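Please open the model in a viewer and keep the selection tool at hand.

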Amino acid sequence: MYTQGLDAAGADARADSAASDDEAALLQRFQRRVDAEEKIEPKDWMPERYRSTLIRQISQHAHSEIVGMLPEGNWITRAPTLQRKAILIAKVQDEGGHGAYLYSAAETLGVSRDQLIDQLLSGKAKYSSIFNYPTPTWADVGAIGWLVDGAAIMNQIPLCRCSYGPYARAMVRVCREESFHQRQGYDIMLRLSQGSAAQRRMAQEALNRWWWPALMMFGPPDADSTHSSDSQRWKIKRFSNDELRQKFVDFTVPQAQFLGLTVPDPELRWNEAAERHDIGAIDWREFEQVLKGNGPCNAERLAARRSAHEQGAWVREAASAYAEKRRARGASRAA
């Protein structure tokens with residue numbers, strides 16, 4: 001009996017060892033494919049951590065697009081002209097489409113859209129901290145387009161080369177539309193900065209409100225980022241948080257100068273030797289508080305999403321019933 005037990009244990013150990021060797025070989029082959037710039041597709045083998053990292057990042061991105069509709073949607077009926085209303089409606093509609101693309105990309109990794117939305121509505125899932133700030137004036141809509149969408153483009157253009165195929169392909173269209181969003185925001189700020197003293201003041205105050213939160217959008221400093229090393233090794237991300245933040249600063253400061261606006265950072269300096277702008281310290285305590293749910297509009301944003309989800313239940317039920325009816329009709333014809 002004891003001998004049989006020992007033999008079984010030895011067999012289990014050998015099986016575990018073989019499985020470990022197989023996984024090591026799969027990992028090496030996977031990394032070679034990534035290093036060779038091959039796209040990883042849904043049915044390909046991938047490490048579980050790669051899968052979970054993608055689900056976290058893509059779902060957070062999708063949630064951010066959906067919640068991001070709220071601050072600007074609030075201004076559709078109050079936009080100053082019919083043209084501005086039409087542009088803003090188109091932009092908010094785009095954001096909803098981006099969320100749909102991204103939820104679809106996440107579903108290819110084996111997670112359902114219902115699961116992802118439940119995580120958002122329960123407060124378990126994160127979305128970009130930037131959308132937990134208020135939009136008290138029309139200039140805030142301009143600042144969001146210029147700064148927030150500008151930062152998003154800086155983040156997202158490298159994602160068009162992400163190693164995971166469905167995410168990379170979704171980002172091609174998203175980035176094209178985000179470039180339109182950034183331009184409409186900058187156009188609003190340009191018109192205001194060329195307007196009356198009150199309009200110029202409005203534009204400056206909006207820049208003051210959104211500058212630092214926009215810099216926080218890129219995530220914590222590289223030394224404090226828990227996911228960056230894996231994401232860069234697997235070519236999900238191509239640049240670190242700090243690299244992207246620096247690119248954004250160097251790109252945006254000249255735009256602010258052209259508008260005649262002052263970046264609200266007294267320590268902002270052009271570093272001649274490094275050929276870049278040096279900035280002051282970011283208050284990461286504020287970032288952490290907003291992520292924990294203590295931002296100015298955290299509760300308001302989630303309450304709005306929960307309300308919209310409840311009010312839209314009949315649409316989802318009708319769509320499901322229609323899909324089931326079509327499936328049953330197709331099955332009967334096939335029979």
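Helices, as named on this tour, are DSSP runs of at least four residues, numbered from the N terminus. The model is a predicted one.

**First selection: the second largest pocket.** Select Ile66, Tyr103, Ile117, Arg305 and His309, which lie nearest the centre of the second largest pocket. The lining comprises 13 residues, and the volume is about 310 Å³. Helices H4, H5 and H12 each contribute at least two residues to this lining. Sorted by class, the lining holds seven nonpolar, three polar and three charged residues.

Now select residues 113-122, which form helix H5. Colour Leu116, Ile117, Leu120 and Leu121, all of which are buried. Viewed down the axis of H5, the buried residues fall within an arc of 130 degrees, and therefore they line one face of the helix. Which exposed residues does the face of H5 turned away from the buried side carry? They are Asp114 and Ser122. To see what the buried residues of H5 pack against, display helix H2 (48-67), helix H4 (82-107) and helix H12 (298-311). After H5 comes Gly123, with a positive phi near 85 degrees.

Select Arg84, which is found in helix H4. Is Arg84 buried or exposed? Its relative accessibility is 12%, and because buried means under 20%, Arg84 counts as buried. Beyond residues up to four places away in sequence, Arg84 touches Ala79, Trp138, Gln184, Asp187, Ile188 and Arg191.

Next select Lys85, also a residue of helix H4. Lys85 has 24% relative accessibility and so counts as partly exposed. Its contacts, leaving aside neighbours within four places in sequence, are Ile76, Thr77, Arg78 and Ala79. For a sense of distance, draw a line from the C-alpha atom of Lys85 to that of Phe251: the two are separated by 28 Å and lie 166 residues apart along the chain.

Move to Val141 in helix H6. With 0% relative accessibility, Val141 counts as buried. Show Glu72, Trp75, Leu88, Gln184 and Ile188, with which Val141 is in contact when neighbours within four places in sequence are left aside. Between the C-alpha atoms of Val141 and Ile188 the separation is 8.0 Å, although these residues are 47 residues apart along the chain.

The largest pocket holds about 1,100 Å³ of space. Select Gln60, Asn155, Met217, Phe218 and Gly219, which are the closest to its centre among the 45 lining residues. Which elements give two or more residues to this lining? They are H2, helix H6 (138-156), helix H7 (165-193), helix H9 (228-233), helix H10 (241-259) and helix H11 (284-294). Colouring by class shows 18 nonpolar, 16 polar and 11 charged residues in the lining.

How values were computed: Residues are numbered from 1 along each chain as its sequence is written. This is a predicted model: local features need pLDDT of at least 70, side-chain atom pairs count only at pLDDT 80 or more; totals for chains, interfaces and linings use all residues. Side-chain values use heavy atoms; hydrogens and water are left out. Buried means under 20% relative accessible area, exposed over 50%, partly exposed in between (1.4 Å probe, protein chains only). The arc is that of the directions from the helix axis to the C-beta atoms. Contact means heavy atoms within 4.5 Å. On a 1 Å grid over the protein atoms alone, a cavity is a set of points where a 1.4 Å probe fits but cannot get out, and a pocket is an open set with protein on both sides within 12 Å along at least five of seven lines; lining residues have an atom within 4 Å of a point. Grid points are joined across faces, edges and corners, and a volume is the space filled by probe spheres set on the points. Ala, Val, Leu, Ile, Met, Phe, Trp, Tyr, Cys and Pro count as nonpolar, Asp, Glu, Lys and Arg as charged, and the others, Gly among them, as polar.
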